[in-house]
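Here's a quick walk through a protein model, strand by strand and loop by loop. Have a look at the fold before reading on.

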Amino acid sequence: MNVIFGSAGFAKELDWLIYEIAEKTNIDFTPNYFVSKSDVGSTLNGKKIISEGEFFKIVETGISINVFLGVGSPIIKEKIYENLKHFKNLNYPNLIHPNAIMDKREGMLKMGFGNVFFPSSVLTTYITIGNFVLFYLDCSVGHDTEIESFTTISPGCHISGNVKIGKTVYFGTGAVTVEKIEIKSNSIIGAGATVTNSIVEQGTYVGTPAKKIK
Ligand SMILES: CC(C)(COP(=O)(O)OP(=O)(O)OC[C@H]1O[C@@H](n2cnc3c(N)ncnc32)[C@H](O)[C@@H]1OP(=O)(O)O)[C@@H](O)C(=O)NCCC(=O)NCCS
């Protein structure tokens, strides 16, 4: 069984990504349900939206379930996983569109589980990523970069080489970093920002060069 957590815009896009992957490869994670706090009982793309309570009843049957986190917010992704991680029958496959580019040579890309690669995401080489990292449409990540779990990299972002990104960092659309910097966990980088120095204090950063606003 396959389920997508969430029923808003990103859940719809993840459903589409799963459809794309199934159409172009032999990997089929077509969801049986969406799990959400809103719109319970209605349908998305013909699939029923069920509540967390209904989902946990299915989980308790012990059936093996592939779970996909259909939310963009790093903090919410982490919260969902924290609630699910002790169930041994839940799996979190990586979702990789065939048009995503990455170094498939042995040991060159180290990654955990639950990561999502949309079309035209490009990762070069010697890259390490954690779990539930989202690489959205048309983003790029340079060599020797490390990205910790739950981080979201929105469309059109470019992360240069030798960058170290903490956990639950959010990059808005079109954000860019220079090389050899670090970005503190839980930071938010605004759409279109250019990060030119390490972010050592958690906060919200916007503009070129990026400055802290919150
Ligand atoms: C950075 C961001 C998270 C801030 O959101 P927020 O905390 O709600 O902040 P506000 O909207 O209150 O804006 C605060 C100030 O920063 C400015 N600002 C907000 N985002 C900005 C951005 N990306 N670049 C430059 N300035 C920005 C606002 O104009 C406002 O300025 P003011 O105080 O002079 O009026 C948000 O604006 C953003 O860029 N989100 C990314 C959205 C995105 O790319 N989504 C991807 C979907 S796929």
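## Ground rules and the first strands

Two strands pair if DSSP finds at least two bridges between them. Helices (H or I, at least four residues) and strands (E, at least two) are DSSP runs, numbered from the N terminus. This is a predicted model, so local features need pLDDT of at least 70 and side-chain atom pairs count only at pLDDT 80 or more, while totals for chains, interfaces and linings use all residues. Residues are numbered from 1 along each chain as its sequence is written.

With that settled, strand S2 (residues 33-35) runs parallel to strand S4 (residues 47-50), joined by 3 bridges. Val35 has Ile50 of S4 as its bridge partner. The S3-S4 hairpin has 2 residues between its strands, and Asn45 takes a positive phi near 50 degrees in it.

S5 (residues 65-69) is mostly covered, with 4 of its 5 residues buried. Buried here means 20 or more other C-beta atoms within 10 Å of the residue's own; exposed means 12 or fewer, partly exposed is in between, and C-beta atoms are placed from the backbone.

What does S5 pair with? Strand S1 (residues 2-5) runs parallel to S5 and is joined to it by 4 bridges, with Phe5 partnered by Leu69. Strand S6 (residues 90-91) pairs with S5 too, in the parallel sense over 2 bridges; Asn66 finds its bridge partner in Asn91 of S6.

## The open sheet

Further along, 5 strands make an open sheet with parallel pairing, in the order S10-S13-S16-S19-S22. Its edges are strand S10 (122-123) and strand S22 (194-195), each of which pairs on one side only. Within the sheet, S13 and strand S16 (residues 158-159) run parallel and share 2 bridges, and Val141 is partnered by Ile159 of S16.

## The nonpolar core

A nonpolar core is a set of buried Ala, Val, Leu, Ile, Met, Phe, Trp, Tyr and Cys residues joined through C-beta atoms within 7 Å. The largest one has 53 residues, and Phe5, Phe135, Ile153 and Ile189 have the most contacts inside it. Helix H1 (residues 9-24) supplies the largest share, 6 residues. Why does this core lie between domain 1 and domain 2? Both domain 1 (2-93) and domain 2 (94-203) give residues to it, so it sits between them; the domain bounds come from an automatic or database domain assignment.

Leaving out residues up to four places away in sequence, Phe135 touches Val116, Phe117, Phe118, Ser121 and Ile153. Contact means that the two C-beta atoms, placed from the backbone, lie within 7 Å.

Asp39 is in the loop between S2 and S3 and is exposed, with 12 other C-beta atoms within 10 Å. Asp144 sits in the loop between strand S13 (140-141) and strand S14 (146-147), and this residue is partly exposed, with 15 other C-beta atoms within 10 Å.

There's also a cis peptide bond from Thr208 to Pro209, with omega near -5 degrees. Pro209 belongs to the loop between strand S23 (204-206) and strand S24 (211-212).
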